[in-house]
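Biologist: Could you take me through this model one feature at a time, giving the general idea before the particular case?

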Amino acid sequence: MNVVAHGIDMVDCARLREMLDRHGQKFLDRIFTTVEQDYCRDKKRAVEHLAGRFAAKEAVLKVLGTGWRDGITWTDIEIRNSPSGQPTVRLTGRCRKIADELGLATVLVSITHIGTHAIASAIGSSQPSGGAKGIGD
Ligand SMILES: CC(C)(COP(=O)(O)OP(=O)(O)OC[C@H]1O[C@@H](n2cnc3c(N)ncnc32)[C@H](O)[C@@H]1OP(=O)(O)O)[C@@H](O)C(=O)NCCC(=O)NCCS
C-alpha cells in the first residue's frame, strides 16, 4: 500500500455532549450525515459513537492536509460501517476534489471510544483498498 498521508484526532465526549445539549438537532445536522445520525441514534452510548465520528472526520481532514477551509463542510466526510462493524470513509464535495488532487484512492479509518474520549486514526493511500470501500463509493 502506497501511504500518502496519516491523520489522528481525539475528542472529549463531555464536550460533544455539551454541544449537543446546547444546539441539539442543528448541531447534529451541521456535523453528521443522516447515515451517521441513524447509526448513532440506535446505540446505547450514542454520544461515544458521535464523538468517534467527529474524531474520524478531523483525522481524515488531517490526511487531506487543508484544515476547515476552501468550502469544506463536515458532511463532506461520512463514516459508514460495514456489516462487520468496520468503519469506512466516503468523501463528497470539496473533500472529494482535494482527495482526487492528492491522488488518494482510499482513506482508511479506525475508531475507538470509551466513556470519556474517542480517538480516530486515518490513512490515505494512492492504491484502491481491497476490502474496504473506496472514496465516494
Ligand atoms: C472491533 C472490536 C474489537 C471493537 O472493540 P471494542 O474495544 O469493544 O470497541 P472500541 O471502542 O475500541 O471500537 C469500537 C469501534 O470499532 C470499530 N469496529 C467495529 N467492528 C469493527 C471491525 N470488524 N473491524 C474494524 N473496526 C471495527 C467501529 O468503528 C467501532 O466504533 P463505531 O461503532 O462508533 O463505528 C469489537 O467491536 C469486535 O470484536 N467486533 C466484532 C465484530 C463482530 O463480531 N461483528 C458481528 C457481525 S459480523
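The dialogue below goes from the overall fold to the strands, the ligand and one arginine.

Modeller: This is a predicted model, in which local features need pLDDT of at least 70 and side-chain atom pairs count only at pLDDT 80 or more, while totals for chains, interfaces and linings use all residues. Residues are numbered from 1 along each chain as its sequence is written.

Biologist: How many helices and strands does the protein have, and in which pattern do they follow along the sequence?

Modeller: Helices (H or I, at least four residues) and strands (E, at least two) are DSSP runs, numbered from the N terminus. The protein has four helices and five strands, and read along the sequence they give the pattern β-α-α-α-β-β-α-β-β.

Biologist: What does the radius of gyration say about the protein?

Modeller: The radius is taken over C-alpha atoms, and the globule rule is 2.2 Å times the number of residues to the power 0.38. For 137 residues a compact globule would have a radius near 14 Å, and the protein, with 14 Å, agrees. Its C-alpha trace spans about 40 × 35 × 20 Å along the principal axes.

Biologist: Which strands pair with β5?

Modeller: Two strands pair if DSSP finds at least two bridges between them. Strand β1 (residues 3-12) pairs with β5 (residues 117-125) in the antiparallel sense over nine bridges, and Met10 has Ile119 in β5 as its bridge partner. Strand β4 (residues 106-113) also pairs with β5 in the antiparallel sense, over eight bridges, with Val107 bridged to Gly124; β4 and β5 form a hairpin with three residues between them.

Biologist: Which residues surround the ligand?

Modeller: A residue is near a molecule if its C-beta atom, placed from the backbone, lies within 6 Å of it. The ligand is surrounded by His49, Gly52, Asn81, Pro83, Ser84, Gly85, Gln86, Pro87, Ile111, Thr112 and His113. The elements giving two or more residues to this shell are α3 (46-64) and β4, and β4 gives the most, with three residues.

Biologist: Is Arg90 buried, exposed or partly exposed, and why?

Modeller: A residue is buried if 20 or more other C-beta atoms, placed from the backbone, lie within 10 Å of its own, exposed if 12 or fewer, and partly exposed in between. Arg90, found in strand β3 (residues 87-91), is partly exposed because 19 other C-beta atoms lie within 10 Å. Of the 137 residues of the protein, 34% count as buried.
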